[in-house]
Amino acid sequence: MRPRRSPPPPSSSSRCRCACRPSAPDLTTWQGLHPFYDKRVEELMDFKIYVDITPEVKFNWKVQRDHEERGHSIESIKQQIEARKPDFDAYIDPQKNKADCVIQVLPTNLVANDKTHLNVKLIQCKGVDHYAPTYLWDEGSDIEWVPPRNKLASSAPGAGLKIYQKTEKWAGKDAAVIGMDGKYDKIDEMMYVEKQFASTGSKFVGEITKKMLEYEGQPGSNDGTGFLQTITALKVREVYEGIAKVKVPAQAN
């Protein structure tokens, strides 16, 4: 992410012969497989996010799509993954160590051999300019919390949904981690959970839940993917406001 900077003067070698100067955008985003690979590009970025889909989850998703839906053999799926692994290990995976914020998607720990539900972590590196990590109840405390099902319905096996907080190292940096393991059935009930978090980047109570309801039915909307990605989006807005010294209005209705 990069906020607005003054555009460079037109180059005499430019093909454009018009007298106008291009205007710089308010916000520039890079996305794709290699956004942090080139150090020259990485150094231009003010805030870096990496989505880390762990190998077990990628394999489960690929089996679901290519085997169960398209009829490919398990052996052919494994061969495809192994063929791509050297390039992934060399060029894509190392980029996560440069990120300021990592959304990590793992298999659930609530029930053994459950290939359907997810354990999603938001790894927030400390000491990043204009970025204050989101936390649950008491900043810095290690917490595990299972919301009661009469307040947050869950049809997932085991505990249904476990929310946790801890501190750990990420690529040698101190990081605050919040996570969700399992799923919730009704997005509107996440207002109860949202109120337990602080420093979310929201501008009014219920903004996270409101944003999530706009994407109801999309993949991940009923697990930690939806909740933690929404928080990350609001934190991007907060980082932008801090760098650009502006305030972005939010609509409550």
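Colleague: Which residues touch the most other members of the largest nonpolar core?
Modeller: This is a predicted model, where local features need pLDDT of at least 70, side-chain atom pairs count only at pLDDT 80 or more, and totals for chains, interfaces and linings use all residues. Residues are numbered from 1 along each chain as its sequence is written, and side-chain values use heavy atoms, with hydrogens and water left out. A nonpolar core is a set of buried Ala, Val, Leu, Ile, Met, Phe, Trp, Tyr and Cys residues joined through side-chain atoms within 4.5 Å, where buried means under 20% relative accessible area, exposed over 50% and partly exposed in between (1.4 Å probe, protein chains only). The largest such core has 45 residues, and those touching the most other members are Ile 163, Met 180, Tyr 184, Met 190, Val 193 and Phe 227.

Colleague: Which helix gives the most to this core?
Modeller: Helices (H or I, at least four residues) and strands (E, at least two) are DSSP runs, numbered from the N terminus. The protein chain has six helices and ten strands. With seven residues in the core, the one that gives the most is helix α6 (residues 224-244).

Colleague: What does Val 193 touch, not counting residues up to four places away in sequence?
Modeller: A contact requires heavy atoms within 4.5 Å. On that basis the partners of Val 193, leaving aside residues up to four places away in sequence, are Trp 145, Leu 152, Ile 163, Met 180 and Phe 227.

Colleague: How many of the residues of α6 are buried?
Modeller: α6 has 21 residues and spans 30 Å from its first C-alpha to its last, close to the 30 Å expected at 1.5 Å a residue. That expected span is 1.5 Å times one less than the number of residues. The helix is largely enclosed by the rest of the structure, because the number of its 21 residues that are buried is 16.

Colleague: With which side chain does the side chain of Thr 225 make a polar contact?
Modeller: Thr 225 is found in helix α6 and counts as buried at 13% relative accessibility. A polar contact is a pair of N or O atoms within 3.5 Å; within protein, one must be able to donate a hydrogen and the other to accept it, and residues adjacent in sequence count only if both atoms are side-chain atoms. At 2.8 Å, the side chain of Thr 225 has as its partner the side chain of Asp 223.

Colleague: Is Lys 245 buried or exposed?
Modeller: Lys 245 lies in the segment after α6. Its phi is near 55 degrees, a positive value in a residue other than glycine. With a relative accessible area of 72%, Lys 245 is exposed.

Colleague: Where is Trp 137 placed?
Modeller: Trp 137 is not a glycine, yet has a positive phi of about 60 degrees. At 44% relative accessibility, Trp 137 counts as partly exposed. Its place is in the loop between β6 (135-136) and β7 (143-145).

Colleague: How many disulfides does the structure hold?
Modeller: A disulfide is a pair of cysteine sulfur atoms within 2.5 Å. The sulfur of Cys 125 is 8.1 Å from the closest cysteine sulfur, in Cys 101, which is too far for a bond. Cys 101 is buried at 1% relative accessibility, and Cys 125 is buried with a relative accessible area of 1%. The number of disulfides in the structure is zero.
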